[in-house]
Amino acid sequence: MTDEQQPSVQAFRMVLLAAQRLRYLMDARLRPDGVTTQQAALLTVVTALGNPTLGEASAALATTHQNTAQLVASLERKGWLVSEPDPADKRRRRLTTTEKNAAYWAGRDPDDHAAVTEWFSMLTDEEVKTLAGLTSRLARGLETQQ
């Protein structure tokens, strides 16, 4: 069996291709408002984690501190995110979303969720649940990989 025939290589290529296409589709939806999928992902992480440090947000996004700092700077300029010194350690920054951010997503989440549902419409509900479970398990397993 050649490397290209290995199921893991094929799975990697298909997951990467699907991820790239999904990001492209979401970027196209967000572009008119001057937002990227990466910025939206950071806002989602900050909301989910509550008040994470820049490092915690970077780890959750599986990206570099520098990349996260660039996203934060852009979102702060737009008024969607606040970065403040950590009271316990002034060298760290804590991130918090703003009311402007909450209002923006409240106004568009239903349409975005409908679009995502449409993107997965070639799969049955059961297949989507299986895909979500498998990719979640894969993501958790990859957290320890370097």
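Start by selecting T98, which is buried at a relative accessible area of 17% (buried means under 20%, with a 1.4 Å probe and protein chains only). T98 sits in the loop between β2 (89-97) and α5; helices (H or I, at least four residues) and strands (E, at least two) are DSSP runs numbered from the N terminus. Show its neighbours too: leaving aside residues up to four places away in sequence, T98 touches G79, W80, L81 and V82, where contact means heavy atoms within 4.5 Å.

A word on the model: it is predicted, so local features need pLDDT of at least 70 and side-chain atom pairs count only at pLDDT 80 or more, while totals for chains, interfaces and linings use all residues. Residues are numbered from 1 along each chain as its sequence is written, and side-chain values use heavy atoms, with hydrogens and water left out.

Next, colour α1 (7-30) and α5 (99-119). Their axes lie 11 Å apart, at an angle of about 145° (lines fitted to C-alpha atoms over the stretch in contact, with angles from 0 to 180 degrees between N-to-C directions). On the α1 side, pick L22, L25, M26, R29 and L30; they meet α5 residues including Y104, W105, R108 and W119. This contact divides into nine nonpolar, no polar and four charged residues (Ala, Val, Leu, Ile, Met, Phe, Trp, Tyr, Cys and Pro count as nonpolar, Asp, Glu, Lys and Arg as charged, the others as polar).

Finally, which helix gives the most to the lining of the largest pocket? Select α1 again, with 14 residues there.

Definitions and conventions:
Buried means under 20% relative accessible area, exposed over 50%, partly exposed in between (1.4 Å probe, protein chains only).
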